[in-house]
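The sequence and structure are shown first.

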Amino acid sequence: MNRDIDELKTEVFDILVIGGGFHGLTMALEASKKGYKVGIIDKDDFGKRASANSLKIVHGGLRYLQQLDIKRIRESIKSRKYFQQNFPDLIKIIPFIIPTKWNFTNNKIALFFATVLYEFLSMDKNFGIISEKYLPKGRVISKNRFRKILSENSNSNAGGGMLWYEAVADTDSIIKNMVNSIKNNNSAMGANIEAKKLIIEDKKVAGVEVFDVKTNSYFRINAKSIVNTCGIWEKDILSSINESQNGKSSLTKAINLIINKNYFNDYAIGFDSVIKIYEKENLIKNKNRMFFVVPWKGNSMLGTFYFHYDGDRDNINVTDAEIDLILNEINSSNQIFKIQKKDIVSHHCDLLFEDISIYQNSGQSYPRKKTKIINHSKTDKIEGLYSVNSVKFTNAPEVTKKILTEIRDNL
Ligand SMILES: Cc1cc2nc3c(=O)[nH]c(=O)nc-3n(C[C@H](O)[C@H](O)[C@H](O)COP(=O)(O)OP(=O)(O)OC[C@H]3O[C@@H](n4cnc5c(N)ncnc54)[C@H](O)[C@@H]3O)c2cc1C
């Protein structure tokens with residue numbers, strides 16, 4: 001376990017990162033590469049929460065075409081490139097397919113233009129990437145081709161499919177790799193160190209009071225700037241500077257199942273679930289939730305499925321009732337699936353920020369889509385403090401770049 005307690009007690013860090021998931025680790029790694037004196041703490045071990053439980057897709061932002069959100073598409077492409085360049089051996093390029101539909105936005109012609117537009121927006125996606133990790137061009141495929149990939153047993157009535165490529169990451173290995181690099185870059189790490197209270201002097205961040213879970217003791221860490229990457233606990237530490245931050249965020253419990261069968265060889269395929277959600281920013285507002293079947297080490301990861309969550313954030317589990325609902329959702333989506341409980345190898349489960357508007361409008365739980373970076377000099381008049389409201393591990397590199405630019409200008 002990485003615990004540089006003496007250093008954490010005595011150093012004055014340029015940057016102290018609170019929360020060692022993907023966002024915190026990327027921040028600590030990139031800041032330490034730039035020569036900053038960096039400390040990073042986590043109340044648990046590093047990378048054990050949401051970051052350890054994802055569907056492992058490094059999203060290239062294709063889905064943001066629905067909202068024509070070019071800025072987010074470009075950010076996703078850049079973030080994906082970070083993973084392609086820094087961890088080429090730990091990502092796999094996989095073809096993804098979603099079925100075409102008989103509606104305004106997902107028919108064959110609309111999806112053809114979507115692939116053309118996406119290819120244009122991601123023209124630079126292979127610049128600086130080793131050839132084995134190139135992302136080939138996306139395209140629309142015929143009904144027959146799609147049926148062949150799906151299997152003869154499918155009852156899909158799609159007229160074809162849209163095929164594009166994404167990187168799927170071995171996130172566990174990337175996390176280990178990041179932790180080792182941060183250690184080698186002379187940074188101080190504190191597993192099982194929980195941030196309790198920010199220390200503010202003259203409207204500027206000066207450090208944080210922490211609790212050492214292992215030794216049951218408190219101490220102070222000094223820092224010139226602090227980045228709060230506590231994931232869904234992000235507000236807890238902020239309540240010490242702003243009482244309005246008290247109270248929990250609305251949360252969704254996100255679950256993937258690992259099934260003991262590789263359904264579509266090397267292809268990942270999206271299926272419409274029977275559950276409908278209402279997304280006010282989309283052209284088609286009422287739409288079926290979608291889940292993906294992603295090949296993973298001889299098995300398949302199926303997800304992601306969501307449930308509104310009000311319980312204890314530190315102790316979450318998947319209930320039998322949830323498994324039943326998920327299996328029903330999967331098995332009723334296509335007759336290919338006849339999954340029973342005994343076919344489940346394991347699951348990934350963790351909490352994410354919930355999109356309150358979707359929950360209120362459709363009664364269905366769904367995660368928020370926009371990452372927010374908060375510079376507290378603008379919101380609370382406190383210099384040197386930044387918080388990240390994360391939605392995807394994919395975004396961590398671009399979030400890091402933005403915060404490091406602000407820190408550089410202010411240190
Ligand atoms: C089932 C599922 C599927 C997903 N699929 C994808 C996907 O395919 N692609 C994608 O990009 N994203 C996906 N996500 C989302 C992604 O996993 C998360 O958005 C991302 O990992 C969040 O990273 P984070 O660093 O912000 O948070 P976390 O990984 O949760 O890290 C926060 C850390 O802060 C620590 N912490 C909290 N409070 C304190 C404190 N007071 N002091 C010290 N430490 C503290 C916690 O212990 C934790 O380690 C998925 C998530 C789930 C659950």
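## Ligand shell

In this predicted model, domain 1 (5-51 + 173-245 + 371-410) and domain 3 (251-353) both contribute residues to the shell around the ligand, and the ligand therefore lies between them. Of the 42 residues around the ligand, those that come nearest are Gly 19, Gly 21, Ser 51, Gly 231 and Ser 390.

Sorted by class, the shell around the ligand consists of 17 polar, 15 nonpolar and 10 charged residues.

## Domain arrangement

The domain assignment of the protein lists, besides domain 1 and domain 3, a domain 2 that covers residues 61-169. The centres of domain 1 and domain 2, taken over C-alpha atoms, are separated by 34 Å, and 7 residues of domain 1 are in contact with 9 residues of domain 2.

On the side of domain 1 that touches domain 2, helix 6 (171-184) and helix 11 each supply at least two residues, and helix 6 gives the most, with 3 residues. By class, that side of domain 1 has 4 polar, 2 nonpolar and 1 charged residues.

## Helix 11

Helix 11, which also takes part in the side of domain 1 that touches domain 2, runs over residues 396-410 and has 15 residues. From its first C-alpha to its last, helix 11 reaches 21 Å, which is close to the 21 Å expected at 1.5 Å a residue.

An α-helix has 3.6 residues a turn, so residues three or four places apart point the same way.

## Arg 139

Arg 139 is placed in strand 5, which spans residues 139-142. Because 14 other C-beta atoms lie within 10 Å, Arg 139 is classed as partly exposed.

Leaving aside residues up to four places away in sequence, Arg 139 touches Thr 115 and Leu 163. Arg 139 and Val 116 are 23 residues apart in sequence, while their C-alpha atoms are 8.0 Å apart in space.

Notes
Residues numbered from 1 in each chain as written. Predicted model: local features only at pLDDT ≥ 70, side-chain atom pairs only at ≥ 80, totals over all residues. Near = placed C-beta within 6 Å. Nonpolar A, V, L, I, M, F, W, Y, C, P; charged D, E, K, R; others polar. Domains from an automatic or database assignment. Helix = DSSP H or I, 4+ residues; strand = E, 2+ residues; numbered from the N terminus. Expected span 1.5 Å × (residues − 1). Contact = placed C-beta atoms within 7 Å. Buried ≥ 20, exposed ≤ 12 C-beta atoms within 10 Å, placed from the backbone.
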